[in-house]
Amino acid sequence: MIKAVRGTRDLLPPETALWNFVESAVRDVFRAYNFQEIRTPIFESTELFARGVGEETDIVAKEMYTWEDGRGPIETQMVSEWMLKHGEEISRATRQPVFDNRRRLDLVVEMGKSLVVVEFKRKTVNQTTVANMKEYRNAFANAFPEQAEAKLLLVFAEEPSQFVRRLADSNAVSIEVLDLPGYEPPESLTLRPENTAGVVRAYIQHDLEKRGLNKLYYIGPQFRRERPQKGRYRQFYQIGAEVIGPRSAGSESPARDAEVLEMLATLLDRLGIRGWTLELNSVGCANDRAKFNEALHKALDPVKDKMCVDCQRRAVTNPLRVFDCKVPEDQPIIDALPRISQFLDEGCRNHFEAVQEILTKVGVPFTLNDRLVRGLDYYTRTAFEFTHGALGAQNAILGGGRYDGLSEALGGPAAPGIGFAIGEDRLVMSLQESASAEGAVRKPDVYVAPLGAGMDGEAARLARELRRHDLVVDLGDESFRLKKSFEAATRAGAKYILIVGENEVKADAFALKNLATGEQVSVPRADLARRIQE
């Protein structure tokens with residue numbers, strides 16, 4: 001049996017009703033704050049995330065689903081072009097099984113006094129080829145014991161790396177780069193691991209700065225190759241929003257930060273999620289972060305070897321991410337590290353204080369957390385998380401912050417912005433802990449049960465009439481006995497069962513039974529909808 005890939009899952013009823021409930025509430029709340037929906041492609045150029053998210057982040061370094069999108073294998077074209085180029089030098093060419101690990105025959109040619117086995121590659125050799133380069137020499141010796149001058153030639157469509165050239169030279173393997181007419185290198189594409197970079201790319205591409213302040217939101221799947229855990233999947237869903245635009249439109253104002261945070265508090269309350277906590281910090285501007293990173297490097301250098309493997313790597317590549325560590329043994333070291341609040345310039349301090357002042361005035365509670373950082377390169381100033389106890393140790397429902405330099409990093413105009421992403425999987429998990437989750441699933445108001453041959457059409461006609469009154473109607477089948485129809489209605493959770501038999505159709509009045517109380521009455525067709533709605 002074929003199952004869903006590890007780290008993915010099927011969303012099934014009745015849980016999907018909760019997802020629809022969440023997304024409907026999200027759209028209602030966002031509409032009240034004048035946010036509009038944006039839909040970006042599910043995959044983007046890999047360069048977008050390398051430049052926007054940061055090459056040294058865990059997402060880009062370890063977690064992205066990336067592939068090269070080209071025209072498919074080009075070996076046939078390469079062989080033809082290479083043979084045409086060297087036709088006068090070749091006295092004989094055959095296809096022979098030289099390497100045991102090949103499913104195809106290898107091209108063997110006689111060029112002058114030498115026997116040459118030619119391998120065709122687009123750009124580089126794979127790990128197996130690299131690891132077995134020396135074994136190739138042994139395969140030569142076994143395949144052509146009488147040919148002391150046998151050679152291996154690697155032909156590339158693109159310039160290989162210096163590493164490959166050094167490896168080839170050390171193993172007496174020749175390299176040739178072929179000029180292939182009409183060849184275009186394949187594009188590196190990546191399933192989006194997050195959506196902010198894609199939204200900013202769209203902002204730049206479509207010149208949205210002309211609209212002034214853009215308040216955009218999205219709902220959709222993202223993809224990361226990470227270890228699945230409670231509420232975290234390799235295909236996961238995010239609800240996010242971005243406020244971005246030129247400074248003249250007020251995009252840099254602390255009022256925008258506070259409005260986004262107040263909107264999120266409203267959304268969680270609307271969903272019925274109680275006991276959430278808003279944690280707030282400022283990660284400063286680029287200059288502040290540079291000074292902070294330098295101080296972190298110095299503080300971590302003498303102690304990093306005592307930390308977990310991830311923190312040892314982060315201490316070198318992205319020291320801010322050390323603050324995300326949950327390993328208990330590392331906490332005393334982390335508690336002694338410098339904090340970003342010590343490095344904020346006057347402008348960043350004033351901005352952060354203004355955000356706090358507005359939140360206090362609108363009645364949104366928050367706590368300051370000077371360990372809260374954002375590991376993605378584009379974040380500046382305000383950083384925040386909403387957490388909830390129902391999610392265990394990894395308890396963040398959503399997080400976000402300000403990214404005033406991201407547009408410029410992607411080649412666009414200056415466009416300060418702030419945004420967030422809600423982990424919808426984890427939000428639904430939180431919702432399942434609350435009483436409001438029960439009301440998300442609307443069960444059938446009535447189950448229409450055709451009774452006897454020829455009644456399917458009459459029942460379908462009646463169901464259509466009732467649905468016009470915004471009733472949820474489930475429809476049975478004339479082949480069901482009455483007992484089976486009652487069982488089906490009960491299983492569906494219907495409030496009423498409506499019997500449609502030959503006598504009822506002739507009288508144009510139908511037996512309507514309340515499945516909870518057992519009360520049964522005959523109701524004229526014209527009064528059915530009103531009676532069911534009571």
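The model is predicted, so local features need pLDDT of at least 70 and side-chain atom pairs count only at pLDDT 80 or more, while totals for chains, interfaces and linings use all residues. Residues are numbered from 1 along each chain as its sequence is written, and side-chain values use heavy atoms, without hydrogens and water.

**Exercise 1.** Determine the strand order of the eight-stranded open sheet and which strands stand at its edges.

*Solution.* Strands are DSSP runs (E, at least two residues), helices likewise (H or I, at least four), numbered from the N terminus. Two strands pair if DSSP finds at least two bridges between them. The order is E1-E10-E11-E16-E15-E14-E12-E13, with mixed pairing. Strands E1 (36–37) and E13 (367–368) each have a single partner strand, so one side of each lacks a neighbour in the sheet. E1 runs parallel to E10 (residues 214–223), joined by two bridges; Glu37 stands opposite Tyr217 in E10.

**Exercise 2.** Classify the crossing of helices H1 and H9.

*Solution.* The axes of H1 (residues 15–32) and H9 (residues 254–271) come within 10 Å and cross at roughly 140°. Axes are lines fitted to C-alpha atoms, for helices over the stretch in contact, and angles run from 0 to 180 degrees between N-to-C directions. Angles under 35 degrees count as roughly parallel, over 145 as roughly antiparallel, 65 to 115 as roughly perpendicular and the rest as oblique; H1 is therefore oblique to H9.

**Exercise 3.** State how strands E17 and E19 pair.

*Solution.* E17 (residues 446–451) and E19 (residues 496–501) pair in the parallel sense over six bridges. The bridge partner of Val446 in E19 is Tyr496.
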